[in-house]
Amino acid sequence: MAKKSILDLQSMIKKGEKIVYLTAYDYLTAKMQEKAGVDMILVGDSLGMVCLGYDTTFPVTMEDMIRHCQAVRRGAPATFVVGDMPYMSYQVSDEQAIENAGHLIKEADVDCVKLEGAGLRILSRVKAINEAGILVMGHIGLTPQFMGQLGGYKAQGRSAQAALSLINQAKLLEEAGAASILVEGVPPEVGKAITEKAGIPILGIGAGSYTHGQLLIYADMVGLYDNFTPKFVKKYANVGEVLTQAFRDYAQEVREGNFPVDAQHTYKMKDEEAVELEKMLKTQK
Ligand code: KIV
């Protein structure tokens, strides 16, 4: 299978084809997503909450991101993989941002990096990373790394003024060199206006149906992560319940001595070897 590039994504939006985007954090999930024909995978810093059990994304490090991006790349060699830049890996300076984006490219073979936020500082980071020859995805709207300033995980752009500000931010990010933008947690009107004005792929998560593509956190949409579920998540499976039931069934069979007893799950010893072993054990006593 040929590896997907930014050109494929650009050609999809020209043809009006929707881009399918999901998060993944490990080899097995990435492998299943590639098999299912997912176009893009985000190794999000949501891995801090989904895989590492933190309450927020703040503790996630570059080492965490590199390790998980590598695993995803091994599982999905032909998929367009985006690596998230974790908290404080790009906020300090353009140089820091280029250096850390470079680590994700060199060490984890991602196709693009993503960073959150808007404003002059972020525009400068996007420009710098792009000029270093690295594809960069902007991320605006509900941006978890800014949740202190946003006052929590709250939908954004709900007033006309706030919506216009987001629409303008998207344009500025594109002008600064963003190859694509992720818009999170906004009313569909905002997703629509940003998409209609854009010349680059606009992906949405909780941003309505008008964006060029849709992203969900995979653990939400398969019912694995249940600490909280945002309003925009649709559950396509209840894998958490399936796994919990499997663990319960296993525990019960082990406790009752019913696993492993059948021939299918045990290695066979030839009868004569078993008799011989019996004899040897007796003489050893
Ligand atoms: O880290 C992540 O998975 C993200 C999504 C919340 C959009 O950035």
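Which residues form one aromatic cluster? In this predicted model, the cluster is made up of Tyr153, Tyr225 and Phe228.

The structure holds 5 aromatic pairs. One of them joins tyrosine 153 and phenylalanine 228, whose ring centres are 5.7 Å apart and whose planes meet at 40°, so this pair is tilted. Tyrosine 153 sits in the loop between α7 (147-150) and α8 (160-176), while phenylalanine 228 sits in the loop between α10 (218-221) and α11 (239-255); the pair therefore ties together parts that are 75 residues apart in sequence. Phenylalanine 228 also pairs with tyrosine 225, in an edge-to-face arrangement with 6.3 Å from centre to centre and 80° between the planes.

Another contact with a ring involves a charge: lysine 192 lies over the face of tyrosine 210, at 5.5 Å from the ring centre.

**Pockets and the cavity**

Rolling a probe the size of a water molecule over the atoms shows where empty space is left. The table gives the volumes and the classes of the lining residues.

| Space | Volume | Lining residues by class |
|---|---|---|
| Largest pocket | About 920 Å³ | 26 nonpolar, 9 polar, 10 charged |
| Second largest pocket | About 190 Å³ | 6 nonpolar, 9 polar, no charged |
| Largest cavity | About 40 Å³ | 6 nonpolar, no polar, 3 charged |

The largest pocket is lined by 45 residues, and those nearest its centre are Glu184, Ile205, Gly206, Pro230 and Phe232. Elements that give two or more residues to this lining are β1 (19-23), α3 (47-50), β4 (112-116), β6 (180-184), β8 (213-216) and α10. Of these, β1 gives the most, with 4 residues.

For the second largest pocket, the lining has 15 residues, with Gly141, Thr143, Leu150, Gln156 and Gln169 nearest the centre. Two or more lining residues come from each of β5 (136-141), α7 and α8. The largest share, 4 residues, is from α8.

How many cavities of 30 Å³ or more does the structure hold? There is 1. Its lining consists of Ile167, Ala170, Lys171, Glu174, Ile181, Ile194, Lys197, Ala198 and Ile202. The elements that supply two or more of these residues are α8 and α9 (188-197), and α8 gives the most, with 4 residues.

**Overall form**

The secondary structure of the chain comes to 12 helices and 8 strands. Along its principal axes, the C-alpha trace spans about 85 × 40 × 35 Å. The radius of gyration is 24 Å, whereas a compact globule of 285 residues would have one near 19 Å. Buried residues make up 47% of the 285 residues in the chain.

How values were computed
Residues are numbered from 1 along each chain as its sequence is written. This is a predicted model: local features need pLDDT of at least 70, side-chain atom pairs count only at pLDDT 80 or more; totals for chains, interfaces and linings use all residues. Side-chain values use heavy atoms; hydrogens and water are left out. Rings of Phe, Tyr and Trp (its six-membered ring) pair if their centres lie within 6.5 Å; planes under 30 degrees apart count as stacked, over 60 as edge-to-face and the rest as tilted. A charge sits over a ring if NZ of Lys or CZ of Arg is within 6 Å of the ring centre and within 35 degrees of the ring normal. On a 1 Å grid over the protein atoms alone, a cavity is a set of points where a 1.4 Å probe fits but cannot get out, and a pocket is an open set with protein on both sides within 12 Å along at least five of seven lines; lining residues have an atom within 4 Å of a point. Grid points are joined across faces, edges and corners, and a volume is the space filled by probe spheres set on the points. Ala, Val, Leu, Ile, Met, Phe, Trp, Tyr, Cys and Pro count as nonpolar, Asp, Glu, Lys and Arg as charged, and the others, Gly among them, as polar. The radius of gyration is taken over C-alpha atoms; the globule rule is 2.2 Å times the number of residues to the power 0.38. Buried means under 20% relative accessible area, exposed over 50%, partly exposed in between (1.4 Å probe, protein chains only).
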